[in-house]
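Please view the model alongside the text.

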Amino acid sequence: MPVRRLTACSLLTAIALTIFVLEAQIPLPLPVPGLKLGLSNIVTVFALAVLGWKETLAIVLLRIVLGNLLVGQSMAMLYSLAGGLLSFLCMALILRVLKKNQLWVCGVFGGIAHNIGQMAVAVTVTATPALWMYLAVLLPCGIVTGAFTGLCAQLLRNMLLKDHPDSR
């Protein structure tokens, strides 16, 4: 891997990790337990659009593992891995058919997939199929936050291309 690309991956990993840790420290004033904005997914969507799936997968895995260890939520790692990897897979596949100016759609599908992945783990761990009903609350939140993260990634990508038109 060229040094420039490795440096970009390292910076994006550090940014995603920082956002993840900061977001874990800020409780949301909502009556929905476990709800997060998922702001570190801005980096995921951006990296998918600019770097590609291999580099983005490494960024996602490092963010999830190191982030959960740093905030002391090692028990939540299984939930984060399931949601993060399903979200990544879904976004990587959908990005193949989207235009580069439709990253918000990628973010929406990623938010939905993240919620489904985490619920699948919760249902499996607790052996409580009734937890699937919680998706009625989580999915609208995932759609809104996914659209937001996708729009932010789109703005970042547009700013990058303005300065470096030879970028992907």
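Buried means under 20% relative accessible area, exposed over 50%, and partly exposed in between, with a 1.4 Å probe and protein chains only. By that cut-off G38 counts as buried, because its relative accessibility is 14%. The model is predicted: local features need pLDDT of at least 70, side-chain atom pairs count only at pLDDT 80 or more, and totals for chains, interfaces and linings use all residues. Residues are numbered from 1 along each chain as its sequence is written, and side-chain values use heavy atoms, with hydrogens and water left out.

**Helix α2**

- Helices are DSSP runs (H or I, at least four residues), as are strands (E, at least two), and both are numbered from the N terminus.
- Among the buried residues of α2 are I42, V43, F46 and V50.

**Helix packing**

- Two packed helices are described by the angle between their axes and the distance between the axes.
- Axes are lines fitted to C-alpha atoms, for helices over the stretch in contact, and angles run from 0 to 180 degrees between N-to-C directions.
- A crossing is left-handed if the near helix is turned anticlockwise from the far one by less than a right angle, and right-handed if clockwise.
- Contact means heavy atoms within 4.5 Å.
- α2 packs on helix α4 (residues 77-94) at about 35 degrees, with the axes 10 Å apart. The crossing of α2 and α4 is right-handed.
- T44, V45 and L48 of α2 meet F88, M91 and A92 of α4. These contact residues divide into five nonpolar, one polar and no charged.
- In these counts, Ala, Val, Leu, Ile, Met, Phe, Trp, Tyr, Cys and Pro are nonpolar, Asp, Glu, Lys and Arg are charged, and the others, Gly among them, are polar.
- Helix α1 (residues 3-25) packs on helix α3 (residues 53-70) at about 35 degrees, with the axes 9 Å apart. α1 and α3 also make a right-handed crossing.
- The contact residues include R5, L12, T13 and F20 of α1, and E55, I59, L62 and R63 of α3. The contact of α1 with α3 holds 10 nonpolar, three polar and three charged residues.

**Largest pocket**

- On a 1 Å grid over the protein atoms alone, a pocket is an open set of points with protein on both sides within 12 Å along at least five of seven lines, where lining residues have an atom within 4 Å of a point.
- The largest pocket has a volume of about 920 Å³, where volume is the space filled by probe spheres set on the points, with grid points joined across faces, edges and corners.
- Its lining has 42 residues, and G34, L35, K36, H114 and Q118 are the closest to the pocket centre.
- α5 (103-126) and α6 (135-163) are among the helices that each supply at least two lining residues. α5 gives the most, with eight.
- The lining divides into 20 nonpolar, 19 polar and three charged residues.

- T13 sits in helix α1 and counts as buried, because its relative accessibility is 13%.
- Beyond its neighbours within four places in sequence, T13 is in contact with I59 and L62.
- T13 and V60 are 47 residues apart in sequence, with C-alpha atoms 7.8 Å apart.
- G38 lies in the loop between α1 and α2. Not counting residues up to four places away in sequence, G38 touches E23 and T149.
- G38 and G142 are 104 residues apart along the chain, and 8.9 Å separates their C-alpha atoms.

Terms used
1 Å grid on protein atoms, 1.4 Å probe; cavity = no way out; pocket = protein on both sides within 12 Å on 5 of 7 lines; lining within 4 Å.
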